[in-house]
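Please read it alongside the sequence and the structure shown here.

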Amino acid sequence: MIRFVVRRLLVTILMLFLVALTVFMLGHLTGDPVRLMVPDTATEEDIATLRQTLGLDRPLPIQFGDFLIHAVQGDLGSSLRYRQPALTLVIERMPATAELSLAAMLIALVVAIPAGLISARKRGSWADALTSVISVVGQSMPAFWIGIMLIIIFAVQLRLLPATGRGETFSLVLPAITLGLWPMARIARVLRSSMLEVMHEDYVRTAYAKGLADKTVLVRHQMRNALIPVVTVTALTFGSILGGTVITESVFAWPGVGRLALEAIYNRDFPLMQATVLVVASIFVVINFILDLLYVWLDPRIRLR
Amino acid sequence: MTRRALATLVATIFALSVCAPASTGGGPQSSPKPKEITVLQSADIKTFDPSMAFGSHELNVQAHVFDGLAAIDPELNQKEWLATSWKMLTTTTWEVKLRENVKFHNGDTMTADDVVESFKYLTREEASARANLQGWATVEKVDDKTLKITTKAPDIRFFGELTSMIVMPARVLRSNPASLADKPIGTGPYTLTEWAKGERIVMAANSNYWGAKPKITKVTWKGVPEASARIAALQAGQADLVVNVPPESVTVLSSSANLRVDSVHSLRNITLIFDARVAPFKDVRVRQALNYAIDKESIIRNILGGRGAVQATPSYERTPNHNASVKPYPYDPEKAKQLLRDAGYPNGFEVEFHHPTGRWIKDVEVTQAIAGMLEKVGVKTKLSTGEYTAFFNTWATGAYKGMTMIGTLNQYDADQVFQLFLYSKGRWGMYVGADPKIDQLYEAQNTELDAAKRKQILAEMEQYVSDQAYWAFLYFQDDVFGLNKKLKWRAPSNEKIWLWEADLES
Amino acid sequence: MTVRNDALPARIIGSRRGGAIRFPLQRLLASPAVLLSFGAIAVVVIAAIGAHVLAPYDPLAQNLDERLGPPLWAGGDAAHVLGTDQLGRDVLSRLMYGARVSLVIGFMAVLVSGVLGIGIGIVSGFYGGLTDEVLMRLGDLRLALPFVLLVISVIAVFGPSLTNIVVVLGLTGWVAYARVVRAEVLSMREREFIIAARAIGATNLRLMFRHILPNVVASGIVIGSLELANVIVLEASLSFLGLGVQPPTPSWGNMLGEARDYLISNFWLATLPGIAISLTAISVNLVGDWLRDVLDPHLKM
């Protein structure tokens, strides 16, 4: 167990390093960041001087080392547009994204888990068919279109909910539904599959044969084992949620990190772009690590590997 | 899972998703007494620091917190503001008297020291506002209420510079100027009470304001880039004033019981600036050809819903010294093709076309419409865009080839645009490629003190620039605002939203 | 992770109790959803291939006086059955040319990632050891990063062009193929035909190409068909954000993006391209599921 944890931890640190490297490379691949930072009256001399002052004329590996050292201390540079520390800007927007992501995940789980369970238990029923349809449809429809359709129906036509932005009552509803639809579809589908698989396993049949009540078998045996793939899939879909925030926040003008990243990209504000990608990727890696630990706790078989 | 458990679960989600957002605050206003409004602009502001201000939306918000020495109001009248008088002592020195008993939001009293420090801050190397005050050499304190300002040359733009001279507290400038970005301390009619970045800015009326106390007690500003979202918010009662109402929504709003639309001719003109330094735009025939190839009337009629005026010269109809006798280029694609043939491009050519996205009304659509029109005379365009500030800053370095869509805002005098865009030593005049006639005319009128002679020179300049077609003249747009009928406010033609003069009926 | 591959209940996709594979055609005819999906895909493919012949108008032809015309059922005229967009261009024609973009980018990206992924999977499973470890960790890294954010950043850095989009989507989508193929190779390694071929003296390369590859292609196709739907939606998302296919070239994604300004007055402009994307993705997904049943019901995904 300890060996597993230590191994995963080392891998996680390696991932973080590679994330930083990727982000650093991205920032330096587009040509001259210095030109973007100077006022339009700058001369070639000014640019050369600034380049030297910022250390952008040093060899890349040294710049990367510098970048890492600063990053670990929390200094991710200054946004070119906002003229404020990039990390501060990212942290300011985190609550909005966290709120949206958690709400989306909640909606996804609360709908998908009962749906997956019911459709596994009652195969062939209308509930099963409905779940299946929603699964396929939810995984195929582009989130930005769903968001726009929801806006048209609920905000423009019916005037029930706010169209965009955060801060009004019920602002969270449409964006959370939009973001949560894909995970909802995926989790329901995976849960159904794994429940079906588990249902036919020997030990379940044995439990029934022993005369255990339906409910006991379900909860004690089936669910615990069925939960494993659910945790896995939650981990995977969590990734799609983080990625999905970029699009959902864009459609709903939600003031979160995803929208900040997009803005930084449009503005060619590289320090900010680097900071957002670095922070989001790091959080992602860390949460994956935590979910890995959870996975091990649920499935003793893994520990023995 | 039992059915009951399932039902409880379902009930819980609904409860949670309904309760959670309520805790993020901002419910609809219920009490009628305090006068509060919400204003939606098309972009979010980035900073409250006046030295870094860019874009009219940012200036609008900052203008409620900070004051300049003078001001130009929405009707284009010149107003004394923090300065009560200014007097020319010599051709390059001025004496300015300051208003008494003006207090900053932190309690400090405004004196000449604050102006001196503010000038230093606004003209430092990294300040984007630096160029606004480039005509001034020094600002010196004579006494607490008097300043002596020297200019680098005889300055006909002095009033404009007075309006850009924003006064910030010396105490803050000396200790922590960076704090002004999100904790602004000014002398303005409102104070900043809350800034949830990316969400909203909330201001409260300043009870110690030196001028007439604002009637509206609380203003909430938001940046909503999508026009449909702004309209939807207005219709739902979540906003009281929104900018840039698209033509398609005008009828819907006008016919609504509690909303109205206010539209004005704006000073903002949209134009295409050619890179005349190199081929193909070095040839005047090519430039003229493109002017003939664009059907401006159709663009105004169809895309802008009729809300716009065809542009003939760089200056606006009501700007002083505007030459009203210059005619705009008519739509004549045959003539355009002929001119292109004459210039040696019988098969047209390909050119870069740079444009911003979402900065002005329907800018992307207008760009695409123009691209389509130019295609018809054989000119193929390669479109390129970016976020406005980065886009403009790059253009400003002289880097963009081909042609660029620029919106100029011309307020004080017909020569203002020349100074910035056409004079070879002007701020962005490099694209003209140095036309000696323009330079000579410009320098002549710049030092001409006789008003009538100056008007003549400027008239000649306007006709010349039109003939030389350094720009593809397009149109002056109308600014269309959507507002709550209870809001008593008049739309400005210079994009300035002044809310301290507005009132809300109950 | 082993997951049973029934995306749809037996009733819809046709019964599949273990044992012999039923005749594909019989199964196909028994499931209306899959039939409809094939139909939809056929329509899209025909529209894409034949756009220059079938489309009633040039998708780039502007006509400002006729802009924002509603579709036929909403009061429009028969000249433009699906209406016109904000520059007067015919929506139906643009949808047809947009199909071309979606399918071309989709297929090419799937091809790139499929070839790459199958290759990596074979090498990884065949050689095992350090190679396997490194390659699989690479896959983990790719999955450990927020995909959309990375794709957007890369495209923003290198510029949105057809090549760049295909390359980025292709280079990042290989992991699903690699994992499945690797699992299959691992189980194949010890099978008789491999041992026999080795005994005859076949080289590793020959083994991989002649013997292993044909057996894993089927899985590759199945995964490809499912990934195709994802790629189509991803391209649409990129175009929607302005980082994909650039206007005026029509792509379903950028048509939707441009329609955002007209949600109030002409919501059909946003609805129609979205329906196109969704229907195509759903159909491709259903056909992919069907393929999986036909080719390998016990596919471990």
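In what order do the elements of chain C run from the N terminus on? They run α-α-α-α-α-α-α-α-α-α-α-α-α. The model is predicted. The points below are grouped by topic.

**Chains A and C**

- Chain C has 13 helices and zero strands.
- Chain A likewise has 13 helices and zero strands, and its pattern along the sequence is α-α-α-α-α-α-α-α-α-α-α-α-α.
- In chain A, 55% of the 305 residues are buried; in chain C, 56% of the 301 residues count as buried.
- Of the contacts in chain A with a separation of 6 or more, 73% are between residues 24 or more positions apart.
- For chain C, 72% of the contacts between residues at least 6 apart in sequence join residues at least 24 apart.

- Two packed helices are described by the angle between their axes and the distance between the axes.
- Helix α7 of chain A (residues 143-157) packs against helix α13 of chain C (residues 268-295) at an angle of about 145 degrees, and the axes are 10 Å apart.
- The crossing of α7(A) and α13(C) is left-handed.

**Largest cavity**

- Rolling a probe the size of a water molecule over the atoms shows where empty space is left.
- Eight cavities of 30 Å³ or more are counted, and the largest cavity holds about 240 Å³ of space.
- The largest cavity is lined by 20 residues, and those closest to its centre are A:Thr164, A:Gly165, B:Leu40, B:Lys222 and B:Val224.
- Three elements of chain B, namely β1 (36-41), β10 (218-223) and α6 (227-235), each supply at least two residues of this lining.
- The biggest contribution to the lining of the largest cavity is from α6(B), which gives three residues.
- By class, the lining of the largest cavity has nine nonpolar, six polar and five charged residues.

**Second largest cavity**

- The volume of the second largest cavity is about 80 Å³.
- From chain A, its lining takes A:Ile148, A:Ile151, A:Val156, A:Ala163, A:Thr164 and A:Val251.
- Eight residues of the lining of the second largest cavity are nonpolar, two are polar and two are charged.

**A:Leu161**

- A:Leu161 sits in the loop between α7 and α8 (173-199) of chain A.
- Why does A:Leu161 count as buried? Its relative accessibility is 17%, and buried means under 20%.
- Apart from neighbours within four places in sequence, A:Leu161 is in contact with A:Phe154, A:Ala155, A:Phe170, A:Val173 and A:Leu174.
- A:Leu161 and A:Ile148 are 13 residues apart along the chain, and their C-alpha atoms are separated by 13 Å.

Terms used. Residues numbered from 1 in each chain as written. Chains lettered and ligands numbered in written order. Predicted model: local features only at pLDDT ≥ 70, side-chain atom pairs only at ≥ 80, totals over all residues. Heavy atoms only, no water. Axes fitted to C-alpha atoms, helices over the stretch in contact; angles between N-to-C directions. Helix = DSSP H or I, 4+ residues; strand = E, 2+ residues; numbered from the N terminus. Left-handed = near helix turned anticlockwise from the far one by under 90°. 1 Å grid on protein atoms, 1.4 Å probe; cavity = no way out; pocket = protein on both sides within 12 Å on 5 of 7 lines; lining within 4 Å. Points joined across faces, edges and corners; volume = space filled by probe spheres on them. Nonpolar A, V, L, I, M, F, W, Y, C, P; charged D, E, K, R; others polar. Buried < 20%, exposed > 50% of the residue type's maximum accessible area, 1.4 Å probe, protein only. Contact = heavy atoms within 4.5 Å.
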